[in-house]
Structures are given as structure tokens and as C-alpha cells.
Amino acid sequence: MPKKDLLLLSHCPSMNQVLLKKLLLTDPTLKIFHDLENRDWFYYFKQGPEKIAAIKKEYKSLSYEGLISMYRDKRISIITIFDEMYPYLLKEISDPPPILYYKGDLKLGHSPRLISVVGTRNPTHYGKVTSELLIPTLVKKDWTIVSGLAIGIDTVAHEVTIQNGGKTIAVIAGGLDHIYPKQNESLAKVIMNSHLIISEHPPHIKPSKWHFPMRNRIISGISLGTIVIQAKRKSGSLITAQQALEQNREVFAVPGPIYDDNCRGTNELIQSGAKLVQTPEDILNEIFVNKKLF
């Protein structure tokens, strides 16, 4: 049963995501994990016998029913790439997460109108006002707003969406037991109860620095397009925009003053071909032409 094996293997401390994805690419049924002789692991996956022995020992120590029961008690649900309800846009990207842990309404992940909003963690008044100008119109057009629950533009995007009666999806780094940043725990609870919050990591995993670029590919991959509102030249928002381009998604950028460091990244995105956004219609018209949604 690939779903069972996938869940158990993802909880083995000695297993890493790179190896797990290689196993899935080689054999989506994951029977190879049980059938491959220990001596052959190095030939196929460059893994030594000690590492494989450790993974197999950890695998045998885990209980599938126990994990499912524990997550049920925490009101945490699990969807795997083998399930029909796995978000269809996310499944299209080159490296979709094998498992998603979530709280809330998973149907939001299948909304035909998903768009992400990202930006600096230190927005100016201009960035906040821009968000308040663009997002309500998108919400009225039944767009679900995706963001990363970070402080700054992410928080503004989620809050403005909720205040205007819209739906939002938060994609977090780390597991659902460790909401980051702490100051957004109350916002996360609202999203868990009435919207959707997802992570590719088991709930007990604390967020690490390398989790954030991984999270960004989910934000862009689950959406038809990404809107960048204020970003420095080197920022996670630009990583999200680059991932969106690699995933064949639309990229939109709000221009800003040339003297503002928070806008240099977005201005350079526009120079590189991102769609310049001055009104919500700039976004809707572009997606209308390229995706034929309406």
C-alpha cells in the first residue's frame, strides 16, 4: 500500500526527502523499499548498508494506525500524491510534495481561481495600501488568496482576504505543531478553522531555514499566478517568483519608488518580463488571456 509506506517512511528520522523522492520516481508503488537487497541500495541510490538498516529499523518501529489516530486526535488530516483530492495544480510541478498535512477545508486547494500574494517582511505604508487595493477586488471575483503566513505582506494578504469575506490558504514551513512566527498563531487558528493551512512536513518538525524555499515552491505551484508586492533584490519573494516561472505560472509585480530598497526586487522583476500591476484588472486580464478562465 503506497500511502501507508509513504507515511511511515516520511516519519523515519534517517530518511530524507531527497531519497524518498528518488524512491517514488523509481517505483511509485514503493515496493522497491521492501524488495531491494541491502547490497543493491548503493548501486541504485548511493546509500550504505548502515543507513538502510537504520531506516528499516525505524520503519518497523512505527505504527501506521497509531500515526493516523494521533493526527485524528489533533484534527490534522493527511493527503498524499496518490489521492484524488491532492491539489491538481500542485501535482503538475516537477517536485510536488509527496504528502501534505493540513487543517481546514481541502476543497480550497481545488479552487479554479487560486493566486498567491507574497512580499517583504517589512512592508511600508505603500505596500500595505497596495495590498488593500488589489486583494478585495480579487476576493469579489472569487479568487482564493495563497500566502506563507510570514510577517509582513503575507500577513496582510491573509488578513485583508478574511476581512473582505474571502478564502485564504496558508502554506507554512515546518510542521503544524510549530506555527511560525509565534505572533501569527491567532491568525493561523482562524485559517485552520475557516480556511486551509498546509505543510509538507510532519507536524512535529520545527521550521528550519531550508524549509522556507521549499515552502515557496508550494505557494507558487498551487496557484495560477504569483503577485509580488515589495521585495528586495535578495528575498524569499523573488525565489517564489522564480519558482513560479519555472512552473509555467504567471508572475505579477507591483512597481515602486526607485529609492526604496523594498521595491528594487519587484522593479527588476518587471524589467525581466513580469507583468506590471497597477490595478486588479491588470492581473485578471492577463490570466484571462493566458489561462482562459472566464
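**Reading buried positions and cores**

Tutor: In this predicted model, a polar atom of the side chain of asparagine 216 lies 3.3 Å from the backbone oxygen of glycine 236. Numbering starts at 1 along each chain as its sequence is written; local features need pLDDT of at least 70, side-chain atom pairs count only at pLDDT 80 or more, totals for chains, interfaces and linings use all residues, and side-chain values use heavy atoms, with hydrogens and water left out.

Student: Which side chain joins that of asparagine 216 in a polar contact of 3.4 Å?

Tutor: A polar contact is a pair of N or O atoms within 3.5 Å; within protein, one must be able to donate a hydrogen and the other to accept it, and residues adjacent in sequence count only if both atoms are side-chain atoms. Here the partner is threonine 240.

Student: Is asparagine 216 buried or exposed?

Tutor: Buried means under 20% relative accessible area, exposed over 50%, partly exposed in between (1.4 Å probe, protein chains only). Asparagine 216 has 3% relative accessibility, so it counts as buried.

Student: How many disulfides are there?

Tutor: A disulfide is a covalent bond between the sulfur atoms of two cysteines. The rule asks for a pair of cysteine sulfur atoms within 2.5 Å, and the count is 0. Cysteine 12 is buried at 2% relative accessible area, and cysteine 263 is buried at 1%.

Student: How many residues has the largest nonpolar core?

Tutor: A nonpolar core is a set of buried Ala, Val, Leu, Ile, Met, Phe, Trp, Tyr and Cys residues joined through side-chain atoms within 4.5 Å. The largest has 36 residues, and Leu9 is among those with the most contacts inside it. A second, separate core has 28 residues, including Leu90 and Ala274.
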